[in-house]
Amino acid sequence: MEYHFQITPMDTEYLIPQVSRMLERRIELESRKQCPGLWKITDRLRGAPRITESAAVKRRKRINIWGVVLLVLGIILFVPGCVAPRDLSLLVPGGLGIAAGLVSLFGRRGKKKNPFEKQARQLLAGKNQISKGQSVIFFPDGIL
């Protein structure tokens with residue numbers, strides 16, 4: 001009895017998330033061997049209770065409100081500071097208020113970038129180059 005398998009190129013874009021998770025786990029295992037005390041503290045901190053979804057929504061609303069308040073106060077202080085530019089007592093706090101307001105409103109948005117994705121792409125580079133028509137045949141005595 002013989003078994004024929006047709007070899008096709010890998011879909012590397014599909015494999016990148018899986019390989020990056022594998023690389024992340026591998027790095028964590030090696031790090032756990034080297035720094036067990038640090039990981040004991042990290043595991044204890046990760047085990048802290050999480051907040052509920054309703055509390056998270058309230059927190060986001062509160063942060064957005066404070067962001068608007070900081071932005072308005074920053075503008076209120078910054079404009080008079082621009083009128084009298086020699087007096088930095090209003091210009092600097094106004095600029096800091098505007099910056100803090102903008103960061104609290106727009107700074108935390110977006111998806112986190114996976115730091116292992118680049119290494120996963122490098123690892124899978126060139127692995128999908130298989131010429132068409134290649135096949136593998138398994139016989140009871142071995143592989144052809």
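Reader: What should the 31 residues of α3 span at 1.5 Å a residue, and how far apart are its end C-alpha atoms?
Author: Happy to start there, and please keep in mind that this is a predicted model. The expected span of a helix is 1.5 Å times one less than its number of residues. With 31 residues, α3 should therefore span 45 Å, and this agrees with the separation of its end C-alpha atoms, which is 45 Å.

Reader: Which residues of α3 are buried, and which element do they pack against?
Author: Buried here means under 20% relative accessible area. In α3 the buried residues are A56, G67, G74 and G81. The element that the buried residues of α3 pack against is α4 (88–106).

Reader: Is V68 buried, exposed or partly exposed?
Author: V68 belongs to helix α3, which covers residues 53–83. Its relative accessible area is 43%. Buried is under 20% and exposed is over 50%, so V68, at 43%, is partly exposed.

Reader: Which residues make the nonpolar surface patch that includes V68, and what is its area?
Author: Good one to look up in the viewer. Alongside V68, the patch is made by I65, W66, V69, V72, L73 and I76. Its area is about 660 Å².

Reader: Which residues form the largest nonpolar core, and which element gives the most to it?
Author: The largest nonpolar core has seven residues: L15, I16, V19, L23, F116, A120 and L124. Two or more residues come from each of α1 (12–34) and α5 (117–124). With four residues, the element that gives the most to this core is α1.

Reader: What does I16 touch, leaving aside its neighbours within four places in sequence?
Author: I16 is itself a member of the largest nonpolar core, and it is among the buried residues of α1. Those buried residues pack against α5. With the sequence neighbours within four places left aside, the contacts of I16 are E117, A120, R121 and L124.

Reader: Why does S20 count as buried, and which residues is it in contact with?
Author: S20 lies in helix α1. The cut-off for buried is under 20% relative accessible area, and S20 counts as buried because its relative accessibility is 2%. Leaving aside neighbours within four places in sequence, its contacts are N114, F116, E117 and A120.

Reader: Where is M10 found, and which residues does it contact beyond its neighbours within four places in sequence?
Author: M10 sits in the loop between β1 (3–6) and α1. It counts as partly exposed, with 35% relative accessibility.

Reader: How many Å separate the C-alpha atoms of M10 and A99?
Author: Along the chain, M10 and A99 are 89 residues apart.

Technical notes:
Residues are numbered from 1 along each chain as its sequence is written. This is a predicted model: local features need pLDDT of at least 70, side-chain atom pairs count only at pLDDT 80 or more; totals for chains, interfaces and linings use all residues. Side-chain values use heavy atoms; hydrogens and water are left out. Patches are made of residues with over 30% relative accessible area and no salt bridge: like charges are joined within 9 Å, nonpolar side chains (Val, Leu, Ile, Met, Phe, Trp, Tyr) within 5 Å. Accessible areas come from the Shrake-Rupley method with a 1.4 Å probe; for residues, only the protein chains shown count as cover. A salt bridge is a side-chain nitrogen of Lys or Arg within 4 Å of a carboxyl oxygen of Asp or Glu. Buried means under 20% relative accessible area, exposed over 50%, partly exposed in between (1.4 Å probe, protein chains only). A nonpolar core is a set of buried Ala, Val, Leu, Ile, Met, Phe, Trp, Tyr and Cys residues joined through side-chain atoms within 4.5 Å. Contact means heavy atoms within 4.5 Å.
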